[in-house]
There are 2 protein chains.
Amino acid sequence: MPIQPIVTLSERQTLSEQVYNDLKEAIIAGDIAQGAKITEDELAKKYGISRGPLREALRRLESIRLLTKIPHAGMRVITLTPEMIEEIYIVREALEGMSARLAAERMTDEEIEALHLLLHRHANNIDKSDGKLYLQREGDLDFHFRIAQASNNQWLMDLLSSELYQLLRMCRHRTSQAPARPIKALAEHKQIVEAIASRDAELAEMLMRRHISGAWKTVKQLLNEELSEEIVESDQDNKTRH
Amino acid sequence: MPIQPIVTLSERQTLSEQVYNDLKEAIIAGDIAQGAKITEDELAKKYGISRGPLREALRRLESIRLLTKIPHAGMRVITLTPEMIEEIYIVREALEGMSARLAAERMTDEEIEALHLLLHRHANNIDKSDGKLYLQREGDLDFHFRIAQASNNQWLMDLLSSELYQLLRMCRHRTSQAPARPIKALAEHKQIVEAIASRDAELAEMLMRRHISGAWKTVKQLLNEELSEEIVESDQDNKTRH
DNA sequence: TTGGTAGAAATTGTCAACAAACTAATTTTA
DNA sequence: TAAAATTAGTTTGTTGACAATTTCTACCAA
């Protein structure tokens with residue numbers, strides 16, 4: 001599976017950054033498999049750069065937890081086990097809960113209005129084409145991202161947008177493409193916006209935490225089903241082999 | 001101010017790691033001033049290594065937010081403004097609150113017993129020598145670290161111990177060396193341990209969040225006092241100059 | 001067959017030189 | 001005199017070669 005060569009020569013981006021972005025998307029999309037071994041020389045040749053900037057890109061990918069490293073022994077793409085996904089949702093609940101609380105205190109009226117509009121668009125999308133799940137999913141992250149922004153806390157925003165949301169995107173690529181309960185999620189989003197609009201920080205945090213722990217329960221269910229399917233499949237494999 | 005040369009040749013540590021650790025401590029301790037410009041060549045010579053591994057160390061320091069970088073324009077040591085310190089305490093409240101909740105659910109009886117012992121030692125320290133504030137402070141972080149460990153959530157632990165606690169240590173070196181209300185803090189620690197011992201996750205989280213937001217209020221006060229003192233001092237400077 | 005040990009191959013860690021970009025000082029021009 | 005342009009100097013970005021370490025493989029012994 002060929003990774004796209006770098007073409008943005010006009011941009012004044014550093015090589016390391018370009019490769020960082022490309023690799024990030026490749027890992028999230030699954031073009032580079034989970035648990036895959038990363039060999040510097042190989043990747044450097046593939047991207048047509050030397051190992052120096054590549055190593056910097058890899059370090060950055062390590063810092064957002066997409067790669068794990070063992071000194072002298074190389075790097076591997078992260079493997080999203082169910083346990084790891086649970087960790088992500090737990091950290092997410094804590095951070096986004098706080099984010100919603102701060103948003104209720106600090107969000108401007110204009111931003112709240114924009115959020116309302118966003119939710120209306122989402123409602124339309126669900127009505128019209130409930131097949132476009134990818135869009136729906138990206139829309140979900142957009143909602144959460146705007147609240148993170150409104151928290152007015154740079155660190156919180158960074159943690160959420162440059163680390164957590166990337167991992168979430170990767171989870172979603174991995175999990176079966178089944179609809180992630182878009183109608184229920186939309187209703188919960190509306191509740192949260194209402195709490196923010198009425199400046200009820202306490203409630204906003206509570207609703208956001210419920211929203212996320214609810215999402216985790218759904219994902220957990222899906223993972224269990226997936227797991228049992230895999231077991232059935234491997235049983236069938238065994239049968240056909242005999 | 002000579003930074004120690006690398007002597008641990010017996011260790012199988014990579015040069016980059018050694019310099020990373022040394023630089024981390026130097027920044028936290030204030031041996032390298034806040035806002036100071038980092039020049040790769042200069043530091044590389046000081047440590048007797050080439051720029052390759054040094055750059056890797058710098059990247060890692062950037063990823064734990066001790067350095068900030070602008071492409072092509074160099075790196076600077078972070079400057080801890082009051083706003084930034086507030087951000088740290090807010091993120092801390094969210095993460096450690098969750099950490100305490102999980103600890104209440106998952107901590108083993110042995111670990112709880114060990115926590116009790118730790119608090120007794122702290123109580124003795126306060127009685128005997130209330131001058132040894134540094135020890136007291138490190139002890140405080142030790143308490144919080146153990147709870148983070150008990151959360152059994154690798155990501156949460158990493159965020160707290162390798163990022164947040166380092167920033168906190170830096171804040172404490174910066175803030176005036178006034179006692180950080182050790183007696184009140186100890187009482188609150190005891191409450192938290194009680195909640196964990198009785199497996200009351202809800203309460204443990206609430207108490208931890210209160211503990212941290214209370215600590216922030218104290219620190220905020222100190223920062224304000226410090227600020228007004230500085231203004232008075234600079235006024236005096238002006239007078240003496242005339 | 002199993003287990004362990006040497007050597008060979010592959011991979012990561014480190015270095016020093018070169019290229020590109022930015023900063024600052026000086027000169028030129030209006 | 002002040003603003004803009006140019007140029008020298010410094011600093012970061014990038015490269016390819018070399019050194020150190022690990023992993024693989026083949027071989028031997030039990």
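Predicted model: local features only at pLDDT ≥ 70, side-chain atom pairs only at ≥ 80, totals over all residues.
Two residues are said to be in contact when heavy atoms of theirs lie within 4.5 Å.

The arrangement of the two chains was examined by superposition. Chain B is brought onto chain A by a rotation of 180° with 0.0 Å of shift along the axis, and the RMSD is 0.0 Å. The two copies are therefore related as by a two-fold rotation axis. Within chain B, the C-alpha nearest this axis belongs to B:Ala94, at a distance of 2.6 Å.

One residue that contacts both chains is B:Asn153. B:Asn153 is placed in the loop between α6 (133–150) and α7 (154–174) of chain B. Its relative accessibility is 1%, and because buried means under 20%, B:Asn153 counts as buried. When residues up to four places away in sequence are left aside, B:Asn153 touches A:Glu87, A:Ile90 and A:Val91 of chain A, as well as B:Leu102 of chain B.

The cysteines were considered next. Over all chains, the structure holds zero disulfides. A:Cys171 has a relative accessible area of 3% and is therefore buried. B:Cys171 is likewise buried, with a relative accessible area of 3%.

DNA strand C is surrounded by 19 residues, of which the closest are A:Arg51, A:Arg55, B:Thr14, B:Leu15 and B:Ser50. Among the atoms of DNA strand C that come within 4 Å of the protein, sugar and phosphate account for 73%. For B:Leu15, the atom concerned is a polar backbone atom, 2.6 Å from a phosphate oxygen. The elements that give two or more residues to this surface are β1 (37–38) and α3 (51–63) of chain A, together with α1 (15–29) and α3 (51–63) of chain B. By class, the surface near DNA strand C consists of five nonpolar, seven polar and seven charged residues.

DNA strand D is surrounded by 20 residues; A:Thr14, A:Leu15, A:Ser50, B:Arg51 and B:Arg55 are the closest. Sugar or phosphate supplies 73% of the atoms of DNA strand D within 4 Å of the protein, and bases supply the rest. A polar backbone atom of A:Leu15 is 2.6 Å from a phosphate oxygen of DNA strand D. Two or more residues of the surface near DNA strand D come from each of the following elements: α1 (15–29) and α3 of chain A, and β1 (37–38) and α3 of chain B. The residues of this surface divide into six nonpolar, eight polar and six charged.

Methods. Residues numbered from 1 in each chain as written. Chains lettered and ligands numbered in written order. Heavy atoms only, no water. Near = heavy atom within 4 Å. Polar contact = N/O pair within 3.5 Å; in protein donor to acceptor, adjacent residues only side chain to side chain. Helix = DSSP H or I, 4+ residues; strand = E, 2+ residues; numbered from the N terminus. Nonpolar A, V, L, I, M, F, W, Y, C, P; charged D, E, K, R; others polar. Disulfide = S-S within 2.5 Å. Buried < 20%, exposed > 50% of the residue type's maximum accessible area, 1.4 Å probe, protein only. Least-squares fit on C-alpha atoms with pLDDT ≥ 70 in both.
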